[in-house]
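User: I have a structure to look through and I am new to this. Can you take me through it in plain terms?

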Amino acid sequence: MEKYDVAIIGGGSSGLAALKQLSNLGKQAIILEAGSKIGSKNISGGILYSKKPKKGKVTNVEDLYENFLDDSPFERKITKYILHSTSKDKVYSMDLTASHEYQSNFGYSVLMNKLNSWFAKQSVDISQKFGGGIIPRVHVRSITWNNEGRTIIQTDEIDEFEVKAVIAADGVNSEVAEMVGARSKFTSMQLYQGVKVIVRIPEKIINERFGVNSDEGAAHLFAGDITLNHIGGGFLYTNRDTLSIGVVYHFNSLLKNPVEPHTLIDTLLKNSMVSEFIKDEIPIQKEIDKNLPQEEQLRIRFGVAKLIKSWNDTRRNYLSSTHDNTDELKSKLSFIQDQMVTKYGVTFGTDYVESEYSAKLIPDGKRCRMKKPFFKNILFVGDAAGRGIFVGPRIEGLNVGIDDAVRAANAVARAIDKNDFSQRYLGEYYSQLIDESPYTTDMNQIDKDYLKIFLDATKNVPKDSIGKRYGPILKLMSNDTLRGIAVKFVNILGYDKIFSMIESEDTYVKIPIQLAEKHGKIVSSSYSPNILSLAERIEKLNYTEDHVSHIIILKDSEFMKKMIVLCPAKCFTEEGGKTILQHEGCLECGTCSHETEWRHPRGEKGVHYQYG
Amino acid sequence: MTLLNIAVVVKLEPDFSEGSISYNPDGTLNRSQTKSTLGPHSKIAAQAAFYAKVKYGAKISIGTMSGHIANSALQMAMETCDAEVLHLYNDKIFAGADTIGTAEVLKKGIEKMDGKMDIVFSGHRATDGETGQTGPQIAWKLGFTFLGNVISYDINLEKRTVTAKRLLSLRGISDLIQEIEAPLPVFIAIDPSYKYYFSTASLRLTAEKYQREAHERANNYKDRLQTFDSEELGADKTLVGLVGSPTIVYDVQRVPQGKVIRHAEILDGSNPEHIRKTVTAMREALNAMVIK
Ligand SMILES: Cc1cc2nc3c(=O)[nH]c(=O)nc-3n(C[C@H](O)[C@H](O)[C@H](O)COP(=O)(O)OP(=O)(O)OC[C@H]3O[C@@H](n4cnc5c(N)ncnc54)[C@H](O)[C@@H]3O)c2cc1C
Ligand code: SF4
C-alpha cells in the first residue's frame, strides 16, 4: 500500500493553502479533489479580504502566496461599499466603505475557478519536491483506522493508501466530518443559502457605471423588499468584466417561508437599480424566414451566430483596458456591426447577459464553528469546520479558511517532526491555535469598534424609520461609554443571546423597507431584463453526468417537501404524494443534505463551474 | 532504468465536428478549405503512449507526414502525450500517396528517430478515407509484430514483452476479447475504445506532472520540431508519394447513408421454450466472449 505523510481532502482555497504551507515547511502532502480540475467546484461571493486584526495575528493570502499582489488573477480592489434599502422603485443608500475597510489591508473581488487554479499553480513545483502534489478527479469515500491504528484513505477512483494525518478541507457539506462522526450535520439555524449569477459587461462600461477605474471596484449590498421577507440580502460585486450578483438567506427563514432560490435572485435582478447596473447592448437576431430552403436557413443561422460571436469578442476587447490598438478595433467593430445589420437584419437593444448560475450553503461561524475542530488525527479547516464570519452584510470565509489551513499545516508539520499524531499532540494543539485566532474572537463576540462604524454610518438615518424597538437602542449605542458597557454586557451574556435581535426580519426587511419608502430616491429603469428561466440557466452549465445518484432521500418528511421549492436546481418533484429526486442538474449546494444521504459526486462527475 | 523508446505516428484530419467540411465540385474533400485537427484516433494513440510514459517511463517521439499546417496537430499530440521529439515529413513528392506510400515515409521517419523503438503506436485508422492498412504496412516494413484493435496493454520490462487485450469483431458473434503476449518491439494500432486509467495515487501524481510538462512543451513545440524532406529521410523516390502508390482510385462517392440491418426474432416471454432458447443463446455468447 502506498504511504503519504498528509492527505488534504478538498482542493478549495482552504485545502490549497494547507498544501502550500506544508510544502513551504518541507512536508509531503497530497490534495485529493473530486472536481475535474482545481477550481471547478468552488464558488464564492466573493470578496477576499486581507486583515490586520487589533489583537493577534492572521496569515493573509499575500503572506502565504508572496506574489499574490503582482501575479494573481484577482478581479478588482473594492473601494466602494454601499448598502441599499429597497422598496419597489425606491432606494435609500448608505455608504459603508468604512466598515469594509475596518481592520483590512484590502478586499479584492475574486472568481474562484481562476483564483484556485492560480493557487494550485503556486504549489505544484514545491509540493512535488517533497513527493506531494494535487490529484484531481478523486473522491474520498472513507477514512478508517486499522488494527494497528494506521489511517487508511479509500476513494472511488484509486487504490487505498495510508497517511499519518488528514486535513479535512472538504467544505461546508463535509463528508469527512460525517463519515468519521466528528460532528453532526449543520442545522438550518446554522446555515445560509447562497445563490449567485455571473453577468457579463465590458470592463470600461463597468468603470463608467460604477465610477471606478480599472483597478478599483464597487460592492453594493441590498436589503428590504428584494428579500421577499427573508433574513439576509443581496450583493453585487464588480469583477474585471463581469458582475457577481447573488442572494444569501438564512436557511431557517427560507424553511419558514419557502420561495424558490431562482425567484429570489430574479427579484434582485428586477430591482430597478440592479437592472440598471446589469444592462448592456445586445444584438437581436431577425427571425429566419421559414419558407427559405433548409440549407439557406442553416447558412443564415451559422452566419449570424459567427458574426455575433466575433462582435462580442471584438467589443469586449475594444472596451477593455488591455488592448493596444483602439482605432483598429473600433473600425473592426463597426465593420462587423455593419455586416450584421445589412446582411442579416440584426438590430440592437438593451438587455443583460447572464453566464453562470451557482449555489452553495454558507456556514455561520458564530453558530456552528466546531469548538474542537479535530477528530483523532484529522484536522478540520475553513467551511468544513463551520468557520465563516457574518458581520453585517460582510461574509468572510475565504480568508478564514486560508488562515485556518496554515494553522493546521503548522500543527501537522510539528507532529511529523516529533512523529506524534496523537489527539493530544496534534489535535489539541491545533485546537489551541484556532482558539488563538482573531477570527475565532470575531465569531465569539461583538467588536465594539466595528459596531461604532456601523452606528456612525447610520448617524444620518432618520430615526423615525428605525422603529420603536431600535430607536432608543441606537441612541444609547451612539454614546461611546454606554456602547462600551453594552457590548461588554452582551459579550458576557453571550453573543448568541442577541442573534435573534440582530438577525431578524426587522433588520433585513421591515426597517429597510420603511427607510426606502420614507426617505428613498426613486430609481427607474429604462428597460426590463429578459431574465433567464431556470431551465436556461441549467442548460448553460457544464456537467458530467453520473448515472449513480450522489444523493439518496432518506424519508419523505416535511423538510423534503420543502426541497421541492428550495432546491435551486429544482431536482425534487412530487409524484403521487411522494418526493422524488432527479439528481441530474444538481448544483451540489447541499441545501437538501440535512435529511438525505448526501455525498459529493464521484471524481470528475457533476457540475463544472467556469467562474465560481 | 532504461526508458522505453516510443514512437507515435499521427495524422492531421479534417475537423468534422465543427461542421466546417468543404467539398470540391467533384465531391472530393477540399482540404485547403476544411479546418484540420489531430485525428481523433491519432489522439487516442498518443494517449496510449502517455500511459506507458506514466507507468513505465518512456521517451516519446511523434511523427507525421503532412503539409505545414500539420503543426497544430503535432502540438496537440505533444500536449496529449508529453512527447520530447516532433517529426514532420514534408515534401512535394509525398503528395498523392496511398497507404503503402505513406507507410514507407513513416517507416523512414521512425528509423530517423533517436534510438531503436520498442513500441510504435498508431490510431485505429483515419476518419477521412483510409482503410486501416497504414499501420500493418509500417509494422511489416519495420519488421515489428503488429497488434491491432488493442484496448489495453501492459509491459513487462524485465521480460521485455507486452501483454495486450484486443477487441475482435467476428461476424455473428458479439465482441470478443483476446489476450496476447508478444516480445518487444511491437507496433500497436490502438482501438477507439481505449481509455487509460491510473489506479494509484503515485501514478496520478506522475500523470499530473507530465501533463503540466506537456502543456509547457506544447506551448513551445517549435523548439522540438524537426522537419524532413525526402532527401533528408533518405527515401527511395520510387517507393513514396504517387509513384510509390499502386492504388488506383476509379470512383469517388459521397459518404452513403448507413442502412440499419438487424435480424430480430420475436420471442414470447410467457413461453418456456422461448425463454430456454434465449438463455442458451446468452450462455453461448458469454462463453465465447473471453479467449485467453
Ligand atoms: C454566495 C456566496 C458568497 C460568499 N461570499 C464570500 C465573500 O464575499 N468573502 C468570503 O471570504 N467568503 C465568501 N463566501 C464563503 C466562501 O466562499 C467559502 O468560505 C470558501 O469558498 C470555502 O472554501 P473551502 O476551501 O473551505 O471549501 P470549498 O471551496 O467548498 O472547497 C471544498 C472542496 O472539497 C472538495 N471535496 C468535497 N468533498 C470531497 C471528497 N469527499 N473528496 C474529494 N474532494 C472533496 C470539493 O470538490 C471542493 O472543491 C461566500 C460563499 C457563497 C456561497
Ligand atoms: S439536489 Fe440538493 S444539493 Fe443538488 S442542487 Fe438541489 S438542493 Fe442542492
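Analyst: Here is a short tour by topic, starting with how to read the model.

Analyst: This is a predicted model, in which local features need pLDDT of at least 70 and side-chain atom pairs count only at pLDDT 80 or more, while totals for chains, interfaces and linings use all residues. Residues are numbered from 1 along each chain as its sequence is written, chains are lettered from A and ligands numbered from 1 in the order in which they are written, and side-chain values use heavy atoms, with hydrogens and water left out.

User: Into which domains is chain A divided?

Analyst: Chain A has domain 1 (2–74 + 110–183 + 370–444), domain 2 (291–345), domain 3 (448–507) and domain 4 (541–608). The bounds come from an automatic or database domain assignment. Between the C-alpha centres of domain 2 and domain 4 of chain A there are 41 Å.

User: How many residues are in the largest nonpolar core?

Analyst: That core has 77 residues, and those with the most contacts inside it are Leu243(A), Ile245(A), Ile278(A), Met563(A) and Phe572(A). A nonpolar core is a set of buried Ala, Val, Leu, Ile, Met, Phe, Trp, Tyr and Cys residues joined through side-chain atoms within 4.5 Å. Buried means under 20% relative accessible area, exposed over 50%, and partly exposed in between, with a 1.4 Å probe and protein chains only.

User: Which helix gives the largest share of this core?

Analyst: Helix H11 (residues 294–318) of chain A does, with 6 residues. Domain 2 (291–345) and domain 4 (541–608) of chain A each supply at least three residues to this core. Apart from it lies another core, of 48 residues, including Leu115(A) and Tyr430(A).

User: What about H11(A) itself?

Analyst: H11(A) has 25 residues and reaches 36 Å from its first C-alpha to its last, close to the 36 Å expected. The expected span is 1.5 Å times one less than the number of residues. Helices (H or I, at least four residues) and strands (E, at least two) are DSSP runs, numbered from the N terminus. Among the buried residues of H11(A) are Ile300(A), Val304(A), Leu307(A) and Trp311(A). Their cover includes helix H7 (203–210), helix H12 (326–344) and strand E16 (347–351) of chain A.

User: Is Glu276(A) buried or exposed?

Analyst: Glu276(A) is buried, with a relative accessible area of 19%. This residue belongs to helix H10 (residues 272–278) of chain A. Beyond neighbours within four places in sequence, Glu276(A) is in contact (heavy atoms within 4.5 Å) with Arg209(A), Ser524(A), Ser525(A), Ser526(A) and Tyr527(A).

User: And Cys571(A)?

Analyst: Cys571(A) sits in the loop between helix H23 (558–566) and strand E25 (572–575) of chain A. Cys571(A) is buried, at a relative accessible area of 4%. His583(A) is 12 residues from Cys571(A) in sequence and 6.0 Å away in space, C-alpha to C-alpha.

User: New topic: how many residues surround ligand 1?

Analyst: There are 34, and the closest are Ser14(A), Glu33(A), Ser44(A), Ile47(A) and Asp383(A). A residue counts if one of its heavy atoms lies within 4 Å. A polar side-chain atom of Ser14(A) lies 2.7 Å from an oxygen atom of ligand 1. For Leu398(A), a backbone N or O atom is 2.9 Å from an oxygen atom of the ligand.

User: Why is H1(B) called largely enclosed?

Analyst: Because 13 of the 17 residues of H1(B) are buried, the helix is largely enclosed by the rest of the structure. After H1(B) comes Gly57(B), whose phi is positive, near 85 degrees.

Key:
A polar contact is a pair of N or O atoms within 3.5 Å; within protein, one must be able to donate a hydrogen and the other to accept it, and residues adjacent in sequence count only if both atoms are side-chain atoms.
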